[in-house]
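The following report describes selected local features of one model. Please read it alongside the sequence and the coordinates.

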Amino acid sequence: MDALRLDSAALGYRGHVVLEDVDLALAPGQVLALVGPNGAGKSTLIKSVVGLAEVAAGSVLAPGPIGYVPQSGLVDQDFPVSALQVVLMGRYRRIGWWRPTGRADRQVALDALALVGLAARARDRFGLLSGGQRQRVLVARALVAAPRLLLLDEPFNGVDALSRDAILRVLKAAAADGTAIVISTHNLDLARSHADLVSLLNGRQHAAGPPSSTLTPELLRQAYGGLVTL
């Protein structure tokens, strides 16, 4: 069964369609890169999977647990919680928000922090971490839900090289374990080197398939209106 499937999907907010004509099928363990200019609909596609954007036509199907890493600027950095507490929030869907987290949940959260290289920062206040470290914490929060599908919205914006490489290592391991991964990105080199599939977007889906057949000069110029560095 596909980890994510969109059939003739039109997506948007409050009756306004932002993105249409999307057909995708993502198998377990595959990595999909969403590529396109600002306002292309990349975030809208991701949000439609988690119920934060409307499906105006067609269908979006994502069976099984989902992990979601929003854009870093959408997370409140002033909320007084530790890195460990942020990661533990990812367990609520599994255990129920009304139930307290137990020792086993704490160990899972600590293990996830270790995966992203931040075990030593577990008790540090989330808002005092660097931008790259906060992003790694959010990846750890998504991982503790044991997702079948992991969605990351511009995860490398404002992230230092150390954190970028740490996140990429974790994503590679998660994909090897069968987790399907969706990453929205402006980085064409990253899409070419780390994605199995690319969806090229700008108001509609211009192309979908392997990077070699989607990230071509002609299709990129169509999607970006000619304003793209190849």
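Leaving aside residues up to four places away in sequence, His 206 touches Leu 200, Leu 201, Leu 219, Gln 222 and Ala 223, where contact means heavy atoms within 4.5 Å. This histidine lies in strand β9 (residues 205-209), strands being DSSP runs of E with at least two residues and helices runs of H or I with at least four, both numbered from the N terminus. His 206 is buried, with a relative accessible area of 17%; buried means under 20%, exposed over 50% and partly exposed in between, using a 1.4 Å probe and protein chains only.

The model is predicted, so that local features need pLDDT of at least 70 and side-chain atom pairs count only at pLDDT 80 or more, whereas totals for chains, interfaces and linings use all residues. Residues are numbered from 1 along each chain as its sequence is written, and side-chain values use heavy atoms, with hydrogens and water left out.

An open sheet is formed by three strands in the order β2-β1-β4 with antiparallel pairing, two strands being paired if DSSP finds at least two bridges between them. Its edge strands, each pairing on one side only, are β2 (16-26) and β4 (54-61), and the twist from one strand to the next averages 15°. Strand β1 (residues 4-13) is joined to β4 by six bridges, and Ala 10 stands opposite Ala 57 in β4. Helix α1 (residues 42-49) packs on this sheet, touching β1, β2 and β4, and its direction makes about 110° with that of β1; axes are lines fitted to C-alpha atoms, for helices over the stretch in contact, and angles run from 0 to 180 degrees between N-to-C directions.

The largest pocket holds about 290 Å³ of space. On a 1 Å grid over the protein atoms alone, a pocket is an open set of points where a 1.4 Å probe fits, with protein on both sides within 12 Å along at least five of seven lines, and lining residues have an atom within 4 Å of a point. Among the residues lining the largest pocket are Tyr 68, Met 89, Arg 93 and Arg 141. The largest share of this lining, three residues, comes from β5.

Conventions. Points joined across faces, edges and corners; volume = space filled by probe spheres on them.
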